[in-house]
Amino acid sequence: DWGAMVLCYLKVKYPSRAGHLIVLNERYNVDEAGYKKKMAQDSSYVFPKVWTFANDIMDPQKPGKHCAGIKGKVTVLWPLQSNGRPDPQGKDKWMSQPGFSVAKNLKGKLV
């Protein structure tokens, strides 16, 4: 998430040096077996460590304040899943809502 914030900053500061921005959430890209394994190793796995980035984007006072000047194409690759099971409609708001909010505030497309 810190890397994503730095990339957003660089894209705003130097738009000609940064092309198509792709925000990838690898942390939650797991299947059901992988989810169970990670939960057995670390029960805090369900608490998104992407909140540093997502909280900046979803700040209720001024959403996306550090990424407000982004121009150009942005793709957000956010695994929509619930306990490792696919959730393409994003019904599990705890896991999916940050992805929807990040995509919305970056004016990008959620894939």
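We are looking at a predicted model, where local features need pLDDT of at least 70, side-chain atom pairs count only at pLDDT 80 or more, and totals for chains, interfaces and linings use all residues. Residues are numbered from 1 along each chain as its sequence is written, and side-chain values use heavy atoms, with hydrogens and water left out.

Let's start with the charges. The whole structure has 2 salt bridges, each being a side-chain nitrogen of Lys or Arg within 4 Å of a carboxyl oxygen of Asp or Glu.

| Salt bridge | N to O distance |
|---|---|
| Glu32 and Lys36 | 4.0 Å |
| Arg85 and Glu32 | 3.2 Å |

Helices (H or I, at least four residues) and strands (E, at least two) are DSSP runs, numbered from the N terminus. Glu32 and Lys36 sit about one helical turn from each other, because they are 4 residues apart in helix α2 (residues 32-41). Put together, Glu32, Lys36 and Arg85 form a salt-bridge network.

On to the sheet: it is open, with 3 strands in the order β1-β2-β5 and parallel pairing. β1 (21-24) and β5 (109-110) are at the edges with a single partner strand each, so one side of each has no neighbour in the sheet. Strand β2 (residues 74-77) pairs with β5 over 2 bridges; DSSP must find at least two bridges for strands to pair. Thr75 faces Lys109 in β5.
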